Amino acid sequence: MKVGFLVFILCAISFFVGRGTSFMGSALSVNTLIHDNPMMKAKDKKLSKLDNGALVDSETVNYWNLAQESEKRGSYDKLTTVNLGSGLFTIGSDSIVNSHFIIGKDGVIVYDTGDNEHDANVFYNEMRKVTRLPVRAIVYSHEHYSLGAKLFVDQERRRGNRNIKIIGHPNTNKVMAVSGGVEALHPEVGGVLMARSVEQFNLYLPDKGDDARFKNTIIPDNNGFVPVNTPVRNGQKLTIAGIGMTFYTKDIGTDTSNQVLVHIPSKKAVLNNVMWGWFPNIYSLRGGKYRNPEDWKRSVEFIKKLKPEILMSTHSTSIKGSDRVAQRLQNYQDGLSFVLDQTLKGISLGMGPDELRYFVTIPDYLKTEPTLIENYGPISSMPPRIYNAIFGQFNRDATTLYRLHPDDEAKRIVLAMGGETRVKSLADYAYKDGDYQWSCQLANYLVRVNKSNDNNQIKANCLKQIGYRSLATTARSWALSQARAAEGKVAIIKNAPATFNQVRGNASSFVNNYRIRINPGRAQGTDKFIAINLGYGEKYGLHIRNAVVDFVSDRRKIDKMKDLEVHMNKDTFTKLYNNLGTVDDFIASADIGIEKGTREEVVEAFSNFDVIYDWDNDPALNTVKERTLASEEE
């Protein structure tokens with residue numbers, strides 16, 4: 001009897017599941033969800049448009065329409081020059097970064113020059129509306145916003161000024177040479193981190209229309225970097241243009257460890273990259289090293305001890321008044337403390353990273369602090385990063401120890417839900433019900449099973465709705481970029497090729513990076529030592545030993561162990577690194593010469609390395625081809 005009843009129940013469930021969305025739709029309505037997610041309850045939330053046509057939610061519109069001088073603002077969004085008195089000025093714009101300048105007795109000191117030539121041109125012209133004095137020094141807050149310096153230097157050279165101090169952290173030149181300013185924990189994947197960066201910062205979004213970019217756009221241009229010629233140590237004092245400044249470089253940790261904080265005691269001012277104009281980005285969606293909230297809190301505490309009356313920051317609005325400054329610093333520190341402490345509390349209660357996304361929500365009293373608005377990165381992404389920094393990716397659930405490959409999981413899920421047509425129906429129902437998160441999850445299964453135009457469009461539709469409703473501009477860029485890619489409007493690069501300048505500045509790192517391309521199957525049984533002579537005393541070795549490759553920089557060891565030796569200049573190696581030709585091609589064109597071994601032996605040895613950049617079959621690479629193939633004489 002019991003068996004018969006069980007069969008009846010299973011048949012009934014099967015009947016309802018097969019009838020379309022009525023059963024599952026009502027059972028899984030967004031109104032019955034246990035946890036709040038703005039992307040799952042959005043059916044009745046209307047969208048608005050900014051001046052350039054960008055579709056956004058009301059919270060974004062309200063913030064965007066605030067006056068640039070409003071105390072409710074944490075950052076500038078339009079060109080704004082603020083006179084703080086005592087010769088201190090801040091230039092804000094629609095860029096992610098501010099530029100500050102200080103007028104001294106016989107010159108100007110600039111703090112940050114922008115992320116590219118466009119930013120720099122705006123900042124320089126605005127500065128010149130205020131003063132005609134020559135630039136005596138440029139200070140890099142950190143490596144990210146050093147890329148506008150060349151324009152400043154070139155403009156000053158035209159005015160006859162050729163003596164500018166470029167002040168920065170002692171590590172700045174090295175970081176720029178290795179990674180172009182986007183420092184990876186393992187530099188071998190620096191190109192992937194750069195590719196993720198441009199996807200995060202609106203590169204793939206248009207200037208106008210529903211998907212338009214409108215804030216925090218970064219288009220890096222590494223050719224704008226001018227090397228530091230005046231590195232400063234922690235606590236070092238310099239007087240420039242009659243202004244005494246103290247530089248701090250130790251234990252100033254935010255998004256990089258290469259910070260330069262400036263204190264001007266005579267003006268009771270601090271220039272820094274600690275205070276941002278939005279909630280501090282404990283985790284950047286593009287990736288990178290762990291940003292420990294404790295380090296960030298200590299950096300804020302350090303500024304508090306300096307007791308500034310004027311606070312000038314790389315990303316946030318500049319403010320005056322000791323009480324206002326102190327309150328902003330305290331609120332910012334409290335925001336960091338809250339997210340860290342509540343994450344640790346959730347972990348103590350047994351939560352994993354996905355539960356923590358919903359557990360840690362900022363309290364109302366901190367939401368009113370302009371520099372704690374979530375219009376840059378979503379707070380929900382930060383607790384999982386803290387969890388992973390402590391425990392790694394395992395969430396303590398033993399059923400996830402040996403996970404299915406995502407493609408296999410998608411096939412099984414789609415099959416279990418009744419097939420592709422059934423899942424399409426569910427995704428469509430969720431979309432119409434404003435449950436965009438679930439619609440996207442289903443769409444992702446569909447695309448993994450079948451990359452048809454229909455399935456890609458389902459994914460694009462829900463991603464667009466998530467992007468339009470994201471207060472965080474980084475989340476908007478990720479969602480809309482991938483929606484446009486699903487529609488075939490853009491091709492997103494997965495790994496940015498090396499530039500000529502990067503390899504010229506730090507060839508050893510890129511020869512070292514080349515080792516990870518070994519093909520374990522083809523290299524099985526191989527024992528070959530390749531010496532690569534790049535001229536001017538630079539020679540490096542790659543020792544192929546079966547499935548691994550050792551990088552060798554010791555010249556004596558290289559000359560002793562080499563089986564093969566080739567010579568080429570750094571630009572040819574850049575092309576080889578970027579798979580813009582084979583070793584055989586470059587030998588034929590005389591760009592690679594052979595010092596030891598035969599042509600056949602050299603070609604065979606290099607054939608053990610896989611192609612990373614497939615120019616013929618990866619359309620996204622064409623978006624950077626012109627830059628990659630830029631003149632070798634530049």
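The paragraphs below go through the cores, a surface patch and the ring pairs.

The model is predicted: local features need pLDDT of at least 70, side-chain atom pairs count only at pLDDT 80 or more, and totals for chains, interfaces and linings use all residues. Side-chain values use heavy atoms, without hydrogens and water, and residues are numbered from 1 along each chain as its sequence is written.

A nonpolar core is a set of buried Ala, Val, Leu, Ile, Met, Phe, Trp, Tyr and Cys residues joined through side-chain atoms within 4.5 Å; buried means under 20% relative accessible area, exposed over 50%, partly exposed in between (1.4 Å probe, protein chains only). The largest such core has 58 residues, and Met 127 and Ile 138 have the most contacts inside it. Elements giving two or more residues to this core include helix H4 (117-128), helix H5 (149-158) and helix H9 (322-348); helices (H or I, at least four residues) are DSSP runs numbered from the N terminus. H9 gives the most, 6 residues. Apart from this core lies another of 40 residues, among them Tyr 540 and Trp 615.

At the surface, Leu 344, Ile 390 and Phe 391 form a nonpolar patch. Ile 390 is partly exposed, with a relative accessible area of 46%.

The whole structure holds 20 aromatic pairs (Phe, Tyr and six-membered Trp rings with centres within 6.5 Å; planes under 30 degrees apart are stacked, over 60 edge-to-face, the rest tilted). The rings of Tyr 124 and Phe 152 have centres 5.2 Å apart and planes at 90°, so this pair is edge-to-face. Tyr 124 and Phe 152 are both buried.

Terms used. Patch = residues over 30% accessible without salt bridge, like charges linked within 9 Å, V, L, I, M, F, W, Y side chains within 5 Å. Areas by Shrake-Rupley, 256 points an atom, 1.4 Å probe, with all protein chains shown as cover. Salt bridge = Lys/Arg side-chain N within 4 Å of Asp/Glu carboxyl O.
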